[in-house]
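Look at the sequence and the model, then read the points by topic.

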Amino acid sequence: MKHIPAVHAEGLVKSFGDFRAVDGVDLHVDQGEIYGVLGPNGAGKTTMLKMLATLLPIDGGRAEIFGVDVRRDPHRTRQLLGVTGQYASVDENLTANENLWLFGRLQGVSSRTSRATAAQLLEQFGLQEAANKPISQFSGGMRRRLDLAASLITRPPLIFLDEPTTGLDPRTRGQMWDTIRELVAGGCTVLLTTQYLDEADQLADRIAVIDRGRKVAEGTPDELKASVGNSTLRLRLTDAADQSEAAEVVRRLLGEDPVLSPESGRMNVALDAADRAADVLISLREAGIGITSVSVDAPTLDEVFLALTGHDTGEGSDPSATADKLQLEVAR
Amino acid sequence: MTMQMTQPAPVATTPRRLTPGDVAARTTSHNSLRETLSQTMSMAWRATKKMRRNPEQFFDVTIQPLLFTAMFAYLLGGGLSGSVEAYLPLVIPGILAQTALTACMATGVQLREDMEKGVFDRFKSLPMARIAPLAGPMIADLLRYAIASTLTFVTGIAMGYRPGGGVAGVAMAIVLTMIAGWSLAWVFTWVGTLARSAQSVQGISMMIMFPLTFMSNALVPVETLPGWLAAFVKVNPVSYVVTATRDLANDGQLTGHVGWALVACAAVIAVFAPLSVRSYKRHL
Ligand SMILES: Nc1ncnc2c1ncn2[C@@H]1O[C@H](COP(=O)(O)OP(=O)(O)OP(=O)(O)O)[C@@H](O)[C@H]1O
Ligand SMILES: [Mg+2]
């Protein structure tokens, strides 16, 4: 019984009228991992999480949490989950302490244990000084932390985090990441959604990229990055007007289109191997195109994302077709 | 900002030794009755906290008894009973029911407002009984009914009302009013879970409340009414409550009317509590 997956979902569907917000997503999250669901606004991340958390009825497909059928047994499912939604779900009329105490009591924790756990969590999240302040006086970051603390009172084995760091400053964000890592070190499984590619990269063991309700790719951060090319050559042209000519040079040389950002004269080229960079630079010199800066890096998930969803290049309106073209379906 | 996360302070999760499989095996399929009651009381606690921090919630139950008692007594007393004093024993129990009903109308509006808030997402995600978020605030509202009924009696007594039932009769009348308020609040709770916005809850509740209070024997004796109206007034649960309250406050007697009033309350709960829970669940 060791290997029951934390989350196992097949063909999840949610429709709002004619619109399919989640359109046949499979998801498999193993115990003890951080699984990242990456997608732009409106991709269907929240909708998917809400279905798994019994907050929205599942229209199609099936889902199990630690082997418990979500649709058939919502009450059991809820006992296995801590949910931190995208928007703070704590009570504005209560203090931080009262909030945590109440959520403990509502889940059958005794009054004394509930008070002790509340104090412990507030300390862990650096909120003890604000423990007796009403939430209305909390900053966004404090609310977010309290919200996460509220999901941990009963120490559920699985935590859902919907965009845990959206709207946080970089330092608070780093702290949130540490907290999430500590949770996993303590034996939790975490399913999180994010729009930030570096967040998924930093935190997640595995990532699913979803767009318009579909999963367009899945894999470890490294697998996803490798699929786009092993490194990226970043160039800045002296004269932005040379861009189309430069793009033509690259296309002839490598048989692939570079990613352009017209205003700034920047150009990114995906490379199979870093030493191909020299070939590109030489060809540009021969074509008489000036360059102000050059670097060769591992690709960011940003590039993976753009390549997958195709939003910025204006092509690939059918995300699954794009994925096939890029041969990125490492999903099993 | 001075807040800081304490460094790897031994996480709250470290003491956990249960594997997820153990946790899954320990889950229960339903809340027991005891759990449900405890959750309801926790939600009631939350509602009283909220009341204390928003004291304007007590306006209706403090102003209205003073205003209505004086207004209706002086307005209708002379015409209906010959004098204000003679009218008081008739009208005070009526106003008692009326203020309780107005107070419980607010229950639906507040539930609706509450349900829009983020915290309800968390309540829904917790393994708690679906009746607790509905019944909890209603239990806290008993305090509002108690204030409203006590103030109504105080105003009446100040105006010259001498309840024949004595202290015991008045106390029982207050308790009955609280029971009735709690029962009828289920109607408005149901409306609260159905309607799309707090405003529409308010509107619909008004439409329910006015006929229920005014088309009852709260302010006038039934004998003075035309036949069709008298027929409605007689089946109106508010009339049962008013009659029973009169028996208690004026005569200090536990009459059959009191029994019927309790039956009427139970009937209202039996219909509207399940409807409310069902409609609340559908919001998920
Ligand atoms: N209750 C609803 N009724 C109708 N459409 C909805 C509803 N909830 C979500 N949608 C639509 O479903 C799509 C997916 O929404 P969802 O909130 O899941 O996106 P998301 O990936 O969480 O986006 P974000 O990053 O902005 O939070 C959106 O187009 C949204 O407009
Ligand atoms: Mg979202």
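Of the 14 residues around ligand 1, the ones that come nearest are A:Asn41, A:Lys45, A:Thr46, A:Thr47 and A:Glu163; a residue is near a molecule or strand if one of its heavy atoms lies within 4 Å of it. This is a predicted model, in which local features need pLDDT of at least 70, side-chain atom pairs count only at pLDDT 80 or more, and totals for chains, interfaces and linings use all residues. Residues are numbered from 1 along each chain as its sequence is written, chains are lettered from A and ligands numbered from 1 in the order in which they are written, and side-chain values use heavy atoms, with hydrogens and water left out.

**Ligand 1**

- The shell around ligand 1 divides into five nonpolar, seven polar and two charged residues. Here Ala, Val, Leu, Ile, Met, Phe, Trp, Tyr, Cys and Pro count as nonpolar, Asp, Glu, Lys and Arg as charged, and the others, Gly among them, as polar.
- An oxygen atom of ligand 1 lies 2.6 Å from an N or O atom in the side chain of A:Thr46.
- For A:Gly44, a backbone N or O atom is 2.9 Å from an oxygen atom of ligand 1.
- In the side chain of A:Gln195, an N or O atom is 3.3 Å from an oxygen atom of ligand 1.
- On its own, ligand 1 has 630 Å² of accessible area, and the protein covers 62% of this. Such areas come from the Shrake-Rupley method with a 1.4 Å probe; for residues, only the protein chains shown count as cover.
- With three residues, α1(A) gives the most. Helices (H or I, at least four residues) and strands (E, at least two) are DSSP runs, numbered from the N terminus.

**The magnesium ion**

- The magnesium ion (ligand 2) is coordinated by A:Thr46 through OG1 and A:Gln86 through OE1, at 1.8 to 2.1 Å. These two residues are 40 residues apart, A:Thr46 in helix α1 (residues 45-52) and A:Gln86 in the loop between β6 (81-84) and α3 (96-106) of chain A.
- Donors are N, O and S atoms within 2.8 Å of the metal (3.2 Å for Na, K and Ca); water is not among the atoms, so sites may look incomplete.
- A:Thr46 is partly exposed, at a relative accessible area of 23%, and A:Gln86 is partly exposed at 22%. Buried means under 20% relative accessible area, exposed over 50%, and partly exposed in between (1.4 Å probe, protein chains only).

**Chain A and A:Lys215**

- Chain A has 12 helices and 14 strands, and 54% of its 332 residues count as buried.
- A:Lys215 is found in strand β10 (residues 214-219) of chain A and counts as buried, at 18% relative accessibility.
- The side chain of A:Lys215 makes a polar contact with that of A:Glu218, at 3.1 Å. A polar contact is a pair of N or O atoms within 3.5 Å; within protein, one must be able to donate a hydrogen and the other to accept it, and residues adjacent in sequence count only if both atoms are side-chain atoms.
- A polar atom of the A:Lys215 side chain also lies 2.8 Å from the backbone oxygen of A:Asp26.

**Cysteines**

- Over all chains, the structure holds zero disulfides, a disulfide being a pair of cysteine sulfur atoms within 2.5 Å.
- B:Cys265 is in no disulfide, and the nearest cysteine sulfur, that of B:Cys104, is 10 Å away. B:Cys265 counts as buried, at 6% relative accessibility.
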